[in-house]
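Me: Please take a close look at the aromatic rings here. How do they pair, and which charges sit over a ring?

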Amino acid sequence: MPFFQAQPTLPSLQQLGVGLGYFILLPLLAACSPDTALPKQPSPRLPAFYAGDLGGMAVRIPAHCIELVEYDGDPRVGEARSTPAPPRDFHSRLRSFGLTSHFPEMTCPPLKAPPQRSGKAPGKPDPNQVYIGINAGEIYPRAGALAADRNAQVVINSLQHPGPYWFANYERLPGQTFGLDAYVVTGQDPKTGQPARDSLDTDEVFIHLQPTGQADTFISCNKGRPPAGQARCQMRTGMEPAAEVRLNISFPQSLLPHWQDIRQGATALISSFKAEHSSTARRIDHDTNRPNNTRAASLRSPS
């Protein structure tokens with residue numbers, strides 16, 4: 001699929017927090033009697049804050065607000081750390097992290113106890129839940145502030161120069177939708193013979209243009225999967241000139257009319273982590289360090 005297609009994907013085992021060791025441990029637990037229970041292992045100490053340079057902005061972020069944190073130079077997914085994680089300070093460049101928020105508050109989620117396993121089937125997804133992923137540092141897109149425009153131009157150019165992939169050729173809808181230019185896939189779905197715009201395999205695209213004609217926001221919405229699939233949108237925008245930060249924001253399509261509030265709320269939330277510091281107080285206490293979480297790449301999107 002082209003990079004601007006936001007196709008629904010199933011979460012990986014790493015994203016679910018389930019590793020291979022889980023499946024190795026199950027038979028061992030089954031063989032243990034109550035008298036031979038496995039000893040508890042001490043859990044690693046969690047930091048109170050993450051500190052670093054986020055796209056040129058010094059930040060100090062409450063640890064319970066974010067997850068899947070990576071700094072420049074950290075191992076990638078599947079790689080093991082060969083040396084201990086260094087102490088972090090305001091010079092340490094953040095590469096990626098994610099957080100879950102809620103519309104319309106768009107605030108840091110509160111600190112709460114870990115959920116207990118109830119054995120019940122999961123309920124319906126929260127219709128106002130918003131996920132925010134951050135790209136900065138060494139994975140900041142080369143196009144910088146124009147990254148959203150690059151996504152938009154691929155769609156716009158397909159009107160005059162269709163490509164070989166049926167799901168990547170668009171037509172523009174008349175007028176605007178919530179202040180956005182709207183595009184749907186043109187032609188037919190070759191598998192069903194039905195209009196491509198109605199196919200579950202295609203996305204609707206919404207673009208916001210600046211007065212200069214360049215796009216500053218690119219939104220792609222899927223259609224979900226029946227019977228319980230929730231149609232979701234992926235927004236790509238940036239925080240320039242305040243910081244060289246790419247925002248990848250996922251939200252239910254029912255919130256599309258509020259895309260501007262979501263964009264502004266996400267930007268304000270990340271900006272609220274800005275730290276005031278002096279050149280003589282850049283070093284952060286060692287208890288702000290945490291072993292690297294190499295699952296962070298799951299929140300990245302192509303640049």
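Reply: Here is a short walk through the aromatic rings. This is a predicted model: local features need pLDDT of at least 70, side-chain atom pairs count only at pLDDT 80 or more, and totals for chains, interfaces and linings use all residues. Residues are numbered from 1 along each chain as its sequence is written, and side-chain values use heavy atoms, with hydrogens and water left out.

The structure has two aromatic pairs. Rings of Phe, Tyr and Trp (its six-membered ring) pair if their centres lie within 6.5 Å; planes under 30 degrees apart are stacked, over 60 edge-to-face, and the rest tilted. Tyr 165 and Phe 167 are stacked, because their ring centres are 5.7 Å apart and their planes stand at 25°. Trp 166 and Phe 167 have ring centres 5.8 Å apart and planes at 80°, so this pair is edge-to-face. Together, Tyr 165, Trp 166 and Phe 167 make one aromatic cluster.

Now their exposure. Buried means under 20% relative accessible area, exposed over 50%, and partly exposed in between (1.4 Å probe, protein chains only). Phe 167 has 14% relative accessibility, so Phe 167 counts as buried. Trp 166, at 23%, is partly exposed. Tyr 165 is also partly exposed, at 49%.

Next, the charges. A charge sits over a ring if NZ of Lys or CZ of Arg is within 6 Å of the ring centre and within 35 degrees of the ring normal. Arg 60 lies over the face of Phe 49, 4.1 Å from the ring centre. Arg 88 lies over the face of Tyr 71, at 4.0 Å from the ring centre.
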